[in-house]
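Here are my notes on the model, as numbered points. Please read them with the structure open.

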Amino acid sequence: MAPTAPAATGAASPAAPAVAKGEGKATAAARSVGLRLPALPGLLGLAAQEQQTRAASFCKRPARNVVAMAAAGEPASVPQAANEEFTNEQLTEFVNALKQEWDGIKNKYTVTALAVAATLAMWSAGGAVSAIDRLPVVPGIMEVVGIGYSGWFAYRNLLFKPDRDAFFAKVKEFYEDIISG
């Protein structure tokens with residue numbers, strides 16, 4: 001085998017003479033011995049370093065490694081709400097209740113069409129808001145309009161007691177109209 005020279009430098013690699021003389025197998029590791037490259041981090045170190053870099057670039061603050069440790073003799077306490085999962089019985093009850101509700105619906109085609117239409121409307125509204133948000137000046141103007149409308153609404157309906165009572169009466173009336181069918 002003839003020694004090979006890298007195209008960029010024109011010089012032969014340090015392992016090339018050994019390969020040319022037939023003194024051993026040429027591997028990628030043997031060819032890079034003379035390059036003095038830093039050692040690669042282990043897999044766990046690489047993942048932690050990548051996570052820190054990603055977190056630091058996202059929030060422009062250096063990431064801190066915070067480790068929570070429990071006391072030696074005490075079991076770690078987990079909040080009950082976070083630890084709960086659906087059991088098979090609860091899942092079966094939920095599926096049965098869902099089936100009963102679905103069987104009770106008279107016009108399934110209309111309900112399905114409304115669900116699809118609502119999903120498409122939410123998706124397209126999200127796309128429209130995203131497109132508007134990319135425009136240079138419009139998001140700031142929309143924010144000012146939203147703050148102004150919120151202030152006007154609070155002044156008109158929530159600031160004074162008679163207006164607040166009238167507003168809550170309207171909300172209760174609307175709620176009763178929806179509930180009564």
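1. Tyr 149, Trp 152, Phe 153, Phe 167 and Phe 168 form one aromatic cluster. Rings of Phe, Tyr and Trp (its six-membered ring) pair if their centres lie within 6.5 Å; planes under 30 degrees apart count as stacked, over 60 as edge-to-face and the rest as tilted. The structure holds five aromatic pairs. In one of them, Phe 153 and Phe 167, the ring centres are 5.3 Å apart and the planes stand at 85°, so this pair is edge-to-face. Phe 153 belongs to helix H7 and Phe 167 to helix H8, so the pair ties together parts that are 14 residues apart in sequence.

2. A word on the basis. This is a predicted model: local features need pLDDT of at least 70, side-chain atom pairs count only at pLDDT 80 or more, and totals for chains, interfaces and linings use all residues. Residues are numbered from 1 along each chain as its sequence is written, and side-chain values use heavy atoms, with hydrogens and water left out.

3. How do H7 and H8 cross? The axes of H7 (residues 138–158) and H8 (residues 161–180) come within 6 Å and cross at roughly 95°. That makes H7 roughly perpendicular to H8. Angles under 35 degrees count as roughly parallel, over 145 as roughly antiparallel, 65 to 115 as roughly perpendicular and the rest as oblique. Axes are lines fitted to C-alpha atoms, for helices over the stretch in contact, and angles run from 0 to 180 degrees between N-to-C directions. Helices are DSSP runs (H or I, at least four residues), numbered from the N terminus.

4. Who meets whom? On the H7 side, Phe 153, Arg 156, Asn 157 and Leu 158 meet Asp 163, Arg 164 and Phe 167 of H8. Contact means heavy atoms within 4.5 Å. By class, this contact has three nonpolar, one polar and three charged residues.

5. Is Asn 157 buried or exposed? Asn 157, in helix H7, counts as buried at 16% relative accessibility. Buried means under 20% relative accessible area, exposed over 50%, partly exposed in between (1.4 Å probe, protein chains only). Leaving out residues up to four places away in sequence, Asn 157 touches Asp 163, Arg 164 and Phe 167. Phe 153 is partly exposed at 25%, and Phe 167 is partly exposed at 21%.

6. The count comes to one salt bridge (a side-chain nitrogen of Lys or Arg within 4 Å of a carboxyl oxygen of Asp or Glu). Lys 161 forms a salt bridge with Asp 165, with the closest N and O atoms 3.6 Å apart. Both residues lie in helix H8, four residues apart, about one turn of the helix. Lys 161 is exposed at 51% relative accessibility, and Asp 165 is partly exposed at 39%.

Conventions
Helices (H or I, at least four residues) and strands (E, at least two) are DSSP runs, numbered from the N terminus. Ala, Val, Leu, Ile, Met, Phe, Trp, Tyr, Cys and Pro count as nonpolar, Asp, Glu, Lys and Arg as charged, and the others, Gly among them, as polar.
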